[in-house]
Amino acid sequence: MIQKFSYNPKINTGAVVQKIDASNAPISFFTLSDGVFSYRMSDAACVYGLGEAMRGMNKRGWIYESWCTDQPNHNEDTRSLYGAHNFLLIDGDDRFGVFFDYPTRITFDIGYTDPSLLTVKPADLSLDVYIVTGDSLKGIVREFRALIGKSYIPPLWGFGYGQSRWGYVTEKDIAAVADQHEAAGIPLDMIYLDIDYMDSFKDFTVNRERYPDFKGFIEKMRARGYHMIPIIDAAVKKEEGYPVYDEGHEKGYFCTNENGDDFVVGVWPGMSCLPDFLNPAASEWFGAQYRALTDAGVDGFWNDMNEPALFYSEGSLNAAFDKIKTHEGKTLSALSFFDTRDVFNHLANSKEDYDSFYHNAPEGRFCHADVHNLYGYKMTESAANALKELRPDEPTLLFSRASYIGAHRCGGIWTGDNHSRWCHLLQSIRQMPGLNMCGFLYSGSDIGGFGGDCTRDLLIRWLSFAIFTPLMRNHSAIFTRDQEATAFGDTEVFRHIITLRYCLIPYLYGAFVKAAENNEMFFRPLCFDYEDDPAAREIEDQLMVGDRLMIAPVYLQNTTGRNVYLPEDMTLVRMSGGEITTEPVMKGRRYFEVPLGDVVFFTKGALPLAEPAKNTAELDMEHLTYIAD
Ligand code: GLC
């Protein structure tokens with residue numbers, strides 16, 4: 001059952017698709033006082049949800065803030081990430097879900113200040129709150145997901161393996177990636193084009209020196225079996241004579257400052273303007289620009305920098321230089337030295353900048369800070385609506401960095417800029433169920449880590465987990481060590497693991513589509529399936545995948561196995577050296593050897609496997625072999 005409690009929302013966020021009448025009764029479970037919602041948690045209560053947020057699957061014991069943030073240096077004490085996903089599921093003496101439909105900053109103190117108190121504090125009391133009750137955790141999620149609408153389903157090839165790197169510059173670099181994977185016999189479906197394919201980082205342009213015949217190149221790569229997936233950034237370079245800028249400026253489609261002039265920010269292209277995705281006409285206009293690339297045969301996109309990330313604004317940069325000048329030639333004390341150093345450190349994504357620009361939404365003019373968390377969602381919606389018209393016959397691959405609930409209907413998300421760290425591999429495992437609860441089924445992390453230098457063993461372990469994530473993309477930052485599956489000298493072990501992904505696609509894609517259509521989770525914490533098993537509630541590093549599989553990834557360096565909790569008798573499936581074997585395993589806690597390069601997982605019933613294939617086009621989805629029958 002769903003109850004709605006309405007507190008004068010100023011804007012329709014678009015998250016909810018079901019019409020529900022607001023209750024006149026006081027909100028259930030919570031008390032509301034001074035604009036803060038409070039709920040007393042029982043000792044054993046677990047709190048799930050919050051989508052992409054850091055820490056465990058059970059979110060208890062920390063404070064989180066929904067405020068879409070470009071935060072490449074996230075760690076355990078980070079409060080805000082790229083997405084804002086305000087859904088919680090409480091499993092204690094009471095069992096209920098709660099969604100705070102609120103477009104801007106909202107804080108969830110889940111036993112951080114007072115261990116038994118959950119407090120939720122929106123910046124002001126103008127929101128809708130939905131309370132969802134049901135007789136099981138899965139049932140509550142199903143009801144909530146029906147409230148927010150069906151999740152995006154990618155094309156089948158979106159379940160293929162993707163190779164990406166910021167640093168591939170020319171078409172030769174891209175073709176070399178294909179050559180190297182082919183030479184190593186490593187399956188591959190997608191190669192991503194990061195910002196260097198553009199002309200001076202201008203959206204919807206192509207650098208003609210690097211890609212003399214872009215359309216011909218896309219066709220040639222398609223004929224070889226590859227989909228090219230270009231990046232689109234939120235901001236549009238401010239440059240007269242660049243048609244996207246000229247038109248956006250003339251028609252008033254950019255966010256404006258207080259005086260009504262285009263608000264100018266610094267991002268990759270230098271001075272740029274922010275399309276006003278909250279303005280329906282601007283959204284339609286921006287979406288229509290994707291045609292420049294779909295006409296060239298492009299069938300997938302990743303939308304980036306749409307928190308929106310701001311390196312600086314015209315005003316804040318000038319103010320920073322002014323401030324630095326006041327210190328020039330002076331002897332600096334420690335404090336004034338730190339102050340001087342931080343002038344530039346604090347320039348990016350500053351509160352002052354988010355407070356300084358405006359949107360024209362149907363409900364009226366809004367200061368960006370009051371609707372901040374909707375920006376990435378509305379960019380993805382702009383693309384999704386346009387792509388349905390531009391490519392009506394086939395689904396387009398689409399995913400985004402920033403998001404709010406609602407964006408899950410338009411595309412997937414990746415979890416932003418992580419690092420080549422073992423703890424980020426574990427974080428990625430833990431993020432999946434929260435994302436799924438909030439509708440984001442097509443998701444995954446940058447395999448191998450975006451920032452920092454990846455090691456061979458980290459890539460192997462990360463891939464061994466990521467073969468189960470719907471979005472499976474190896475991506476890394478410029479100036480980091482190469483981390484393609486072909487980059488470490490030997491390729492056989494990588495070939496075996498990625499080939500296994502392709503063998504699993506019939507099961508994985510089938511489970512995904514079923515989850516999307518039935519408003520279910522593809523990844524679940526164990527306790528969602530074994531509600532009466534207290535031990536299952538404590539498992540923070542294993543996941544159920546679809547109806548039948550359980551995974552227990554290895555995420556620690558220099559370990560050759562791990563402890564696994566089996567909530568019931570299952571069949572262990574082991575891929576070792578390309579060979580698949582099975583053995584029955586009994587319920588309970590056991591240690592399993594998982595040498596580097598082996599993939600071990602568990603099935604509760606017959607598991608279909610396809611024959612190995614070099615890409616999804618060649619995957620035979622009909623003739624399957626069943627193991628653990
Ligand atoms: C952002 C994206 C990253 C991309 C880079 C350059 O940091 O998150 O994936 O490679 O920008 O476009």
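**A working chat about the model**

Tutor: Phenylalanine 159 is buried, and tyrosine 442 is buried as well. Please keep in mind throughout that this is a predicted model.

Student: What do phenylalanine 159 and tyrosine 442 form, and how are the planes placed?

Tutor: Phenylalanine 159 and tyrosine 442 form an aromatic pair of the tilted kind, at 6.3 Å centre to centre and with 40 degrees between the planes. Phenylalanine 159 sits in the loop between helix H1 (137-148) and strand E12 (161-163), while tyrosine 442 sits in the loop between helix H11 (422-437) and strand E25 (443-444), so the pair ties together parts that are 283 residues apart in sequence.

Student: And what about the rings of tryptophan 285 and phenylalanine 286?

Tutor: The ring centres of tryptophan 285 and phenylalanine 286 are 6.3 Å apart and their planes stand at 65 degrees, so that pair is edge-to-face. The angle is over 60 degrees, which is the cut-off for that class. Tryptophan 285 and phenylalanine 286 are both buried.

Student: How many aromatic pairs are there in the whole structure?

Tutor: A search of the whole structure gives 50 aromatic pairs. Ring pairs also link a set of residues into a cluster, with Phe159 and Tyr442 among them, together with Tyr152, Tyr192, Trp302, Phe399, Trp414, Tyr509, Phe512, Phe522 and Phe523.

Student: Let's step back to the overall build. How many helices and strands does the protein have?

Tutor: There are 14 helices and 37 strands in the protein. Its radius of gyration is 24 Å, close to the 25 Å that the globule rule gives for 629 residues, so the protein is as compact as a globular protein of that length. Along the principal axes, the C-alpha trace spans about 70 × 65 × 60 Å.

Student: Switching to the backbone, which peptide bond is cis?

Tutor: The peptide bond from glutamate 307 to proline 308 is cis, with omega near -5 degrees. Proline 308 belongs to the loop between strand E18 (300-304) and strand E19 (312-313).

Student: What is phi of aspartate 34, and what is phi of asparagine 519?

Tutor: For aspartate 34, phi is near 50 degrees, which is a positive value in a residue other than glycine. For asparagine 519, phi is near 55 degrees, again a positive value in a residue other than glycine.

Student: You mentioned H13, so what about glycine 510 and alanine 511?

Tutor: Glycine 510 is in helix H13 (residues 492-517), and alanine 511 is in helix H13 too. Glycine 510 is partly exposed, with a relative accessible area of 37%, whereas alanine 511, at 14% relative accessibility, counts as buried. Leaving out residues up to four places away in sequence, alanine 511 touches Phe522 and Gly546. The C-alpha atoms of glycine 510 and leucine 156 are separated by 9.8 Å, although these residues are 354 residues apart along the chain.

Student: Last one: where is methionine 228, and what does it touch?

Tutor: Methionine 228 is in strand E14 (residues 227-233), and at 2% relative accessibility it counts as buried. Not counting residues up to four places away in sequence, methionine 228 touches Ile174, Ile191, Leu193, Phe217, Ile218, Met221, Val298, Asp299 and Gly300.

Technical notes: Residues numbered from 1 in each chain as written. Predicted model: local features only at pLDDT ≥ 70, side-chain atom pairs only at ≥ 80, totals over all residues. Heavy atoms only, no water. Helix = DSSP H or I, 4+ residues; strand = E, 2+ residues; numbered from the N terminus. Rg over C-alpha atoms; globule rule 2.2 N^0.38 Å. Phe/Tyr/Trp six-rings, centres within 6.5 Å; stacked < 30°, edge-to-face > 60°. Buried < 20%, exposed > 50% of the residue type's maximum accessible area, 1.4 Å probe, protein only. Contact = heavy atoms within 4.5 Å.
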